[in-house]
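Here are some friendly notes to read with the model open beside you. Take the points one at a time, and find each residue on screen before moving on.

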Amino acid sequence: MTQTLTKTGRHFAQMEAGPMNQWPDYTVHLPGLDIPGKLFIKETLGLTGCEISINAMPPGGEVPFYHTHQQNEEVYIFIKGRGQLQIDGETLDVKEGSIVRIAPDAERIWRNNGDESLVYIIMQVKENSLVQWSAVDGNILETAPAWG
């Protein structure tokens, strides 16, 4: 399965990753390691400030190794299913609606201990890089909507 860049403009890029029930069909190929049910979207959308991946882990699936990051904190947003994250030896139960931030140097691993796919989004961004957000960064314009 391949994602599709559907439209680009001066200030945007749009892609279609397909319905969530097809996300398990994606596979990330890394040197010496294939990760099923994962799609990185940084390259497709041309992201410059973060990496985002969509993920679908089958029942009984797990990441086969602990890992840390050099600079990037991660935010996990769980959309469907249930599972467990282990962070620095502490086990957290996660399910639809759970959101977890993990610092770069934390040792992490996770698994699906449920009976359906564990579907989640991971966002990576350089720790301590956010200097503006929400109302501080936004500008309200006087332009009227023109839904064609």
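1. Let us begin with a loop. E107 sits in the loop between strand 10 (99–102) and strand 11 (108–111); helices (H or I, at least four residues) and strands (E, at least two) are DSSP runs, numbered from the N terminus. With 45% relative accessibility, E107 counts as partly exposed. For this term, buried means under 20% relative accessible area, exposed over 50%, and partly exposed in between (1.4 Å probe, protein chains only).

2. A word on what you are looking at. This is a predicted model, in which local features need pLDDT of at least 70 and side-chain atom pairs count only at pLDDT 80 or more, while totals for chains, interfaces and linings use all residues. Residues are numbered from 1 along each chain as its sequence is written, and side-chain values use heavy atoms, with hydrogens and water left out.

3. Now the overall picture. The chain has two helices and twelve strands, and along the sequence they follow the pattern β-β-β-β-β-α-β-β-β-β-β-β-β-α. Taken along the principal axes, the C-alpha atoms fill a box of roughly 50 × 35 × 30 Å. Of the 148 residues in the chain, 32% are buried.

4. Lys and Arg count as positive and Asp and Glu as negative, while His and the chain ends are not counted.

5. V136 belongs to helix 2 (residues 134–137) and, at 56% relative accessibility, counts as exposed.

6. Next, the salt bridges. Side chains of opposite charge can pair when their charged atoms come close. A salt bridge here is a side-chain nitrogen of Lys or Arg within 4 Å of a carboxyl oxygen of Asp or Glu, and by this rule the count comes to four. One of them joins K42 and E43, whose closest N and O atoms are 3.2 Å apart. K42 is partly exposed at 30% relative accessible area, whereas E43 is exposed at 67%.

7. The closest N and O atoms of R108 and E74 are 2.6 Å apart. This pair links distant parts of the chain, with R108 in strand 11 and E74 in strand 7 (residues 72–80), 34 residues apart.

8. E127 forms a salt bridge with R101, and their closest N and O atoms are 3.1 Å apart. E127 lies in the loop between strand 12 and helix 2 and R101 in strand 10, so the pair ties together parts that are 26 residues apart in sequence. E127 is partly exposed at 29% relative accessibility, and R101 is partly exposed at 45%. Salt bridges that share partners join E73, R101 and E127 into one network.

9. What does a buried lysine do without a salt bridge? K38, in strand 5 (residues 38–40), is buried yet has no salt bridge, and the nearest side chain of opposite charge, E74, is 6.5 Å away. The side chain of K38 does make a polar contact with the side chain of S53 (3.3 Å). A polar contact is a pair of N or O atoms within 3.5 Å; within protein, one must be able to donate a hydrogen and the other to accept it, and residues adjacent in sequence count only if both atoms are side-chain atoms.

10. Look also at N112, in the loop between strand 11 and strand 12 (118–126). N112 is buried, at 2% relative accessible area, and its side chain reaches the backbone oxygen of M57 at 2.9 Å.
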